[in-house]
2 protein chains.
Amino acid sequence: MPGSGRIHHPGLARRVVDADAAAAHIRHGDTVGMSGFTGAGYPKVVPQALARRISDTHAAGHPFRVNVWTGASTAPELDGALAAADGVELRLPYQSDPVSREKINAGLMEYIDVHLSHVAQMAWMGFLGPLDVAVIEVSGITADGDLIPSSSIGNNKTWLDQADRVVLEVNSWQSAALDGMHDVYYGTALPPDRKPIQLTRPHDRIGVPYLRCPEEKIVAIVETDAPDRNSPFKAPDADSQAIAGHIVEFLEQEVSRGRLPRPLLPLQSGVGNVANAVLAGLANSSFEGLTAYTEVIQDGMLELLCSGRMVSASATAFSLSPEGTARFDAEAAVLRERILLRPQEISNHPEIVRRLGVLAMNGLIEADIYGNVNSTHVMGSRIQNGIGGSGDFARNAYTSFFLTPSTAKGGAISTIVPMVSHVDHTEHDVSVIVTEQGLADLRGLAPRKRAELVIERCAHPDYRPALRDYYQRALRDSPGRHTPHLLAEALSWHTRYLADGTMRSQ
Amino acid sequence: MPGSGRIHHPGLARRVVDADAAAAHIRHGDTVGMSGFTGAGYPKVVPQALARRISDTHAAGHPFRVNVWTGASTAPELDGALAAADGVELRLPYQSDPVSREKINAGLMEYIDVHLSHVAQMAWMGFLGPLDVAVIEVSGITADGDLIPSSSIGNNKTWLDQADRVVLEVNSWQSAALDGMHDVYYGTALPPDRKPIQLTRPHDRIGVPYLRCPEEKIVAIVETDAPDRNSPFKAPDADSQAIAGHIVEFLEQEVSRGRLPRPLLPLQSGVGNVANAVLAGLANSSFEGLTAYTEVIQDGMLELLCSGRMVSASATAFSLSPEGTARFDAEAAVLRERILLRPQEISNHPEIVRRLGVLAMNGLIEADIYGNVNSTHVMGSRIQNGIGGSGDFARNAYTSFFLTPSTAKGGAISTIVPMVSHVDHTEHDVSVIVTEQGLADLRGLAPRKRAELVIERCAHPDYRPALRDYYQRALRDSPGRHTPHLLAEALSWHTRYLADGTMRSQ
């Protein structure tokens, strides 16, 4: 067995090559399914070798571009390298890479921003075209040839099933303790052959711990020993702590009113510092026996799991800081009993999200006074990252929370606006909006009551007078008073920002 | 047993009173859960008696308003009468009544426009407050006291379970053949006690044919013999026929490409003439063995069921013309084997819609060039009807179609606009847009490709040059080119219409 000791299948051990040789299996025009979800479990070296090859080919005057499908966001070694080489024709379903973002917003790369739970289904439906190659990071290969998944599963099951050719990266940096923490469900199908997914608790096992791939499809294996993206953990700032405080208070009230059980319902928490702060807030609360049914396990959730305040978490990926990774390694024996990683079509599945009654907490770019949420577009046209799983959870959640500081860009942007410049979550799907200013519980409220609450509870005091003024004039002059709007002015906060660099009226 | 012969339980038969006596059980400030879905199965006389009492109370200088929850839209005898009496404080979840619409848009009535699959869950969650009275039409009462549902089920199970007091209308106009056509699922629960719903085919029975209600809650029973709303059937016009033609052609292509099975997948079809035209188009197609998993059975679907081209249909309500009702009565023996009516939380349940892979077809008010759909608001502020079940189906469908003629108001409105003035279905949830001009298959396309397709395939030729001009200038001048927009101009088509009565530039 080669150097890493992670490949226990003799036949497959003989397929180990270097990254350049592996990347040679990818051709101009190919569609490539890569592993990777929130900077975890993405291939570390083959995409960079591919990027070099693309650059060389371009330098020689020939075209070379591929379509890249992933789980979600990856890292500079994948999205960054391929985008910098102008090697990506089309990208789906989610990315957060700065180079890719610039290419997309310059109109140089196509980007299909879809719900993460939809991706596998879309690939099977056929309209996206065939998948030529899969490049998948795993943490090991068993003697039977089963693939031990890495720090994320994402769409790997589907990519392995669908690709003509498979390239594996076996990463010995990944903890050996991952072996056994995965639950890969092989029961999905296209309609009319779908069956109920028999999962009723976040920690239920319904699948197998390993990924399968026919040996003959595996054209190359590369050994690596490189870390995941591992963004540093930022301690929660005052705004994030205030947001967390409002949420914990709300949850306590819901429990005391008998509307939520004491251990709450399974939590979903988006990626980022505000989400981490909410989890930190729960760590200091009186709640016990918590569970999570979510996409990603960040440091804040790891802390809850280590302390025992959270008894189980189901996700599709880790997204840990270097300290979080060290903590995981140190407490792996305990955490193995409390964590399951699943394919993202299951971690985000509408059937399960609805059944479990998930409490969904996601960030946003802006919300409007009527409760519509923009999660993806800056000033209506520039993609920031993408919708990710926020729609999977918000749409079918028991309660969908959206969290944001009330201002951005040093106060030049109000995240509460008269009308959002793009909608990812409609008024029908947003339950609660929280800023550092306060919490607006929009459930069971007609639009005008929502507007009053969002302005008074969530908007920054500096912007409240202008929002009140807009709303009052809309109430008077709008052609309809169900959702009063002055359309000539509804997006003027955005145009003012584009012209003056601030939403404040001078 | 009283006159109608429909009340076979002796104890309950003694509770028959007149409508005024029954309405006396409803008090100022009460929340009242009424039956009724798309003009079928709503109470016919108690709401009118209530409206008279409200008017009399107002004339005497006293307040009298109630909150009204239903299944979906009802009829002039319910929404019309109560709204005209200014008796409705708050209305949910869907209505299409012209008097109510005016009150809502005048700011005189609160209206909470929610997904139809969410209503029962919301009522159980508790934040809407208690349900004081249920007023439910049934088609009969068995000797055991079980309630034989009427021509719709809607939220009746939940209203009967939750209400303190229950008033029944037993309507002998409803066909006796309805007995046995219902499937009332009593397996729902709040999380964490939810179980998989074991339904894998549209026609699976998972419940019981009758509604239950504790005898002691039934405070009054009224006998009626009055027809459902029964809007006349309009023969499809040329635009609707063209839309239907595009859809049938698309479905045939999908089958020939192996992307859909020959009997297709279960159809959902929104209410209205365009939907009816699509069903008529299928009646003249080569498809056989069709099924439906939908909200409403209209004349077009009844025709498919009678002809045998559709083998089964699951819905929560009928919405038939007088001729359709006569046809149902004449062929009830056959149709009983092919139709099931369910509670709307099951007919529209995200778990089932996703599992069955429903092909969802719904109308719209306007769509934008990037595929965002407005189903509810005229010029951004006036509510038309509501989102109904369109979001339940579109969001979790296998393929979500949105259908509309390309213009409205004699050509003064383009239903394809640069940016919609309200969003009910986001770009992430819209698969296909169809007008009489053509069909745009948006699946797997990034925003700019979607825009080109929507403009060239769907927009009316009179509006195409202006849309191309907007898009080309946005492509040049937009701060981001992922979704190019000129925010100062994006809603100018709407403001022009409000000012000039037309979206055409002069």
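Helices here are DSSP runs of H or I with at least four residues, numbered from the N terminus. An axis is a line fitted to C-alpha atoms, for helices over the stretch in contact, and angles run from 0 to 180 degrees between N-to-C directions. This is a predicted model, where local features need pLDDT of at least 70 and side-chain atom pairs count only at pLDDT 80 or more, while totals for chains, interfaces and linings use all residues. Residues are numbered from 1 along each chain as its sequence is written, chains are lettered from A in the order in which they are written, and side-chain values use heavy atoms, without hydrogens and water.

In chain A, the axes of helix α10 (residues 299-307) and helix α11 (residues 322-330) come within 10 Å and cross at roughly 25 degrees. That makes α10(A) roughly parallel to α11(A), a label for angles under 35 degrees. Contact means heavy atoms within 4.5 Å. On α10(A) the contact is made by A:D299, A:L302, A:E303 and A:C306, and on α11(A) by A:G324, A:R327 and A:F328.

Now the two chains. How many residues of chain B are in contact with chain A? There are 86, and they touch 86 residues of chain A. Between these chains there are 6 salt bridges; a salt bridge is a side-chain nitrogen of Lys or Arg within 4 Å of a carboxyl oxygen of Asp or Glu. B:D392 and A:R395 form a salt bridge through their side chains, at 3.4 Å from N to O.

Notes: Helix = DSSP H or I, 4+ residues; strand = E, 2+ residues; numbered from the N terminus. Parallel < 35°, antiparallel > 145°, perpendicular 65-115°, else oblique.
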